[in-house]
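Here is a short briefing for a modelling reader. Please look over the sequence and the structure first.

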Amino acid sequence: MLRRTTAALAGSVTALALLATACGGGADQGASSTAAKKTGEVTFWSFVKGSDKVAEAFNRSHPDIEVTFETVPSGQEYYSKLTNAVKAGTAPDVAVVEFPHLPEFAAQGKVEDLTGLLGPVVRERFPDAARQLVDLGGRTWGVPRDAAPLMMMYRKDFFTRHKIDVPTTWDAYRNMTEQVKKADPAARGGVLYTDNPGLLSALSWQAGGRWFSTEKDSWKVTVDDGPSKKVAAYWGDLARKDLVRSLSQLDPFWTSVQKNRTVAYVCASWCAGAHQATVPDQKGKWAVAPVPTWDGKPASGMYGGSSFVIPKGSDNSGAAAEFIKWITTDPEGMKAWVSSGTSSMFPADPKLVPVTKAAFTTDYYGGQDIYTLMAQSYNAIRPGWTWGPVMGATNTAIVDQLPKVADGSVTLPGVLAIAEKATITQMEQRGLKVATP
Amino acid sequence: MTTSPTLHPAAPARETTPVTGAAPRPRRPRRAPEPPTALLSKAGVTALLGLATLYTLLPLTWLLLSSTKSREDLFGTNGFALGDETHLADNLGHLFEADGGVYARWLINTVLYAGVGALLAAVFSVAAGYAFDKLSFPGKERLFSLVLLGVMVPGTAMAIPLYLLAAEAGLVNTFWGVFIPGLVFPFGVYLARVFSASYVPDEVLEAARMDGAGEFRTFCRIAFPMVAPGFVTIFLFQFTQIWNSFFLPLVMLSDQDLYPVNLGLYVWYSSALTQGHPEDYLLAVVGSLVAVAPLIAVFLMLQRFWKSGMTAGAVK
């Protein structure tokens with residue numbers, strides 16, 4: 001299944017890349033002739049915490065390469081900055097790109113094709129779950145750093161006190177949210193973020209939805225396919241019945257956690273670290289559980305996760321590739337990422353899990369073995385998920401509508417239909433071929 | 001607010017003095033329905049102004065109160081109430097120590113970008129505006145329309161073209177990449193021309209020339225002091241504009257040591273909550289408070305110039 005998709009993608013993405021190079025013009029022609037040189041200076045853009053430590057550690061152990069790390073803001077602003085830098089020929093040699101944005105950069109020809117330099121490493125070290133996100137059209141465009149398998153966080157003390165069972169299916173999850181609200185009218189057992197579609201897409205992924213796929217040389221957009229619509233109807237219903245809180249930002253979310261008003265929520269591996277750092281005084285009250293599924297069998301998706309790319313026009317791709325390889329697959333590199341001891345990120349390379357596990361103490365969660373739970377979730381990630389080539393437009397279309405879901409003026413499945421339409425319009429404007437589903 | 005009530009009684013008073021007896025009578029029935037509408041409009045205006053005041057002051061209040069809180073209180077207590085303990089001194093200490101004291105660096109950068117940049121921009125604007133007003137040279141009005149065209153184009157729209165130009169010139173990720181665009185201020189040139197026309201009488205310049213002063217000396221010693229309020233107005237306009245400009249530094253700079261303070265704060269804020277570093281969130285809050293303080297100080301200090309400058313331009 002996966003192989004067929006990637007084969008089909010091959011034609012389209014290379015065609016897209018060609019188109020982009022032809023239109024963009026002026027791109028470095030010499031860059032593709034990958035010099036095997038592994039020395040010199042490498043500039044490195046990232047917003048991921050620990051990037052400074054990683055660059056320092058790399059410089060210490062690689063005297064021939066000098067990595068200069070530059071902090072950049074995260075979010076959509078960063079991607080427009082990176083796009084413009086490539087256009088102007090001032091891009092760094094290494095940059096972070098979150099998984100959902102990678103196809104957009106690849107289709108626009110803004111990143112180097114890493115198949116030759118790092119393809120073998122990606123094939124050897126990463127399971128399908130992560131590889132499907134960086135391999136497009138049979139070419140490798142980035143190297144995964146962390147995966148973000150779904151998890152569920154819940155207040156152990158609250159659940160025990162009110163005799164609420166930890167849900168393993170989505171039906172049970174709905175019961176749980178009802179029980180929580182009955183036990184404490186101010187408390188809720190979940191969140192629908194209205195400023196970020198990430199969780200919604202992760203849950204669609206988990207349910208077996210596929211927002212994007214390719215057919216021959218064109219993209220197929222099915223943002224409102226059956227499983228995704230099921231997920232949307234479910235969460236839209238929870239939000240409208242006020243069983244989960246509809247929140248616009250992370251600030252009010254953490255306020256609700258701090259005030260004991262959010263007692264369970266669906267999140268990903270990295271949330272364990274973020275949670276304990278943000279709400280340190282609720283130590284011992286929280287636990288991590290596998291994310292509920294539709295049929296009770298393990299299934300998962302990713303909420304977040306990042307990869308590293310070589311932007312088009314880098315003049316030192318040999319050394320840049322060496323750096324990327326070290327920070328994504330070397331135990332020492334992984335150790336540098338988590339040296340602060342506050343990150344619960346889950347490495348996309350399963351061999352490195354012991355490194356991150358050793359760095360993150362789980363006293364906050366009563367010594368729970370959360371990395372084993374994460375690994376199970378990682379293994380259960382559904383194959384066949386591809387992010388779209390205009391994710392910025394897709395996300396904006398969803399976020400514009402999300403705040404209206406809770407008051408019932410739009411339905412969540414309706415939002416997906418709107419997003420699909422907006423996505424197709426944007427793709428046609430960019431000259432991408434869209435197959436009628 | 002103070003001008004409208006004084007104007008109204010003055011107008012009828014002047015009318016009633018020459019026309020005696022008959023005049024007040026028709027006015028009386030008219031005056032009777034006036035107070036309610038006047039009162040209504042007064043109440044309406046006051047309410048609107050009150051709303052505008054709240055809109056301005058509420059975020060500042062939140063900022064002030066949140067800056068005094070500990071991280072737990074920031075999420076655990078009401079945004080418009082005091083926290084359980086006051087942590088302002090601690091927070092300020094952390095702010096200036098974080099990331100090797102980079103915040104002080106950002107402040108200095110911003111003062112250079114906005115302070116020095118706006119000062120030079122104001123000098124150039126006044127000189128150009130004066131030249132447009134007082135001197136005659138070929139193609140003057142055509143050049144001036146070019147300036148007006150520059151006024152119409154929003155700064156954000158210029159950021160990407162400027163960035164591409166800077167990339168050609170090798171100024172990307174340098175101090176000059178952000179500083180030089182700040183020197184160009186077409187609206188200031190326009191204002192300066194208006195100011196020059198209203199403040200600097202041609203007779204004075206003629207007298208100066210008669211006494212043997214050269215053009216440059218006339219401008220520096222005679223005209224410039226006369227348009228000083230205009231100069232301050234232009235300076236303040238450009239100062240706030242550079243201080244608040246975000247998109248240009250965002251695309252132009254990637255070296256953290258060159259960031260202006262708003263970009264630095266955004267870096268802290270944007271990754272604080274998503275990446276589980278809530279201390280950065282608190283830093284961004286306290287940093288924002290410290291960053292608005294100089295702006296308020298500059299405005300309070302230069303307010304009287306600003307006011308006289310505004311009205312002078314308006315009358316002409």
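The bend at a residue is the angle between axes fitted to the seven residues ending there and the seven starting there. Helices (H or I, at least four residues) and strands (E, at least two) are DSSP runs, numbered from the N terminus. This is a predicted model: local features need pLDDT of at least 70, side-chain atom pairs count only at pLDDT 80 or more, and totals for chains, interfaces and linings use all residues. Residues are numbered from 1 along each chain as its sequence is written, while chains are lettered from A and ligands numbered from 1 in the order in which they are written.

**Helices of chain B**
- Helix 5 of chain B has a kink of about 115°, centred on Gly100(B).
- Helix 5 of chain B has 47 residues, yet its end C-alpha atoms are only 54 Å apart. A straight helix would reach 69 Å at 1.5 Å a residue (the expected span is 1.5 Å times one less than the number of residues).
- Helix 14 of chain B (residues 261-272) reaches 16 Å from first C-alpha to last, close to the 16 Å expected.
- Of the 12 residues of helix 14 of chain B, 9 are buried (20 or more other C-beta atoms within 10 Å of a residue's own; exposed means 12 or fewer, partly exposed in between; C-beta atoms are placed from the backbone). Among them are Val261(B), Leu265(B) and Trp268(B).
- Ala207(B) lies in helix 10 (residues 202-210) of chain B. Ala207(B) is partly exposed because 13 other C-beta atoms lie within 10 Å.

**Nonpolar core**
- A nonpolar core is a set of buried Ala, Val, Leu, Ile, Met, Phe, Trp, Tyr and Cys residues joined through C-beta atoms within 7 Å.
- The largest has 201 residues; Met151(A), Met153(A) and Phe323(A) touch the most other members. Helix 5 (residues 88-134) of chain B gives the largest share of this core, 12 residues.
- Phe323(A) touches residues including Val42(A), Phe58(A) and Val94(A), leaving out those up to four places away in sequence.

**Interface**
- In contact (C-beta atoms, placed from the backbone, within 7 Å) are 28 residues of chain A and 23 residues of chain B.
- Helix 11 of chain A gives the largest share of the chain A side, 5 residues.

**Confidence**
- Over residues 1-35 of chain A, pLDDT stays under 50. Where pLDDT is low, the predicted coordinates should not be read in detail.

Definitions and conventions. Two residues are in contact if their C-beta atoms, placed from the backbone, lie within 7 Å. pLDDT is the predictor's confidence in each residue, from 0 to 100.
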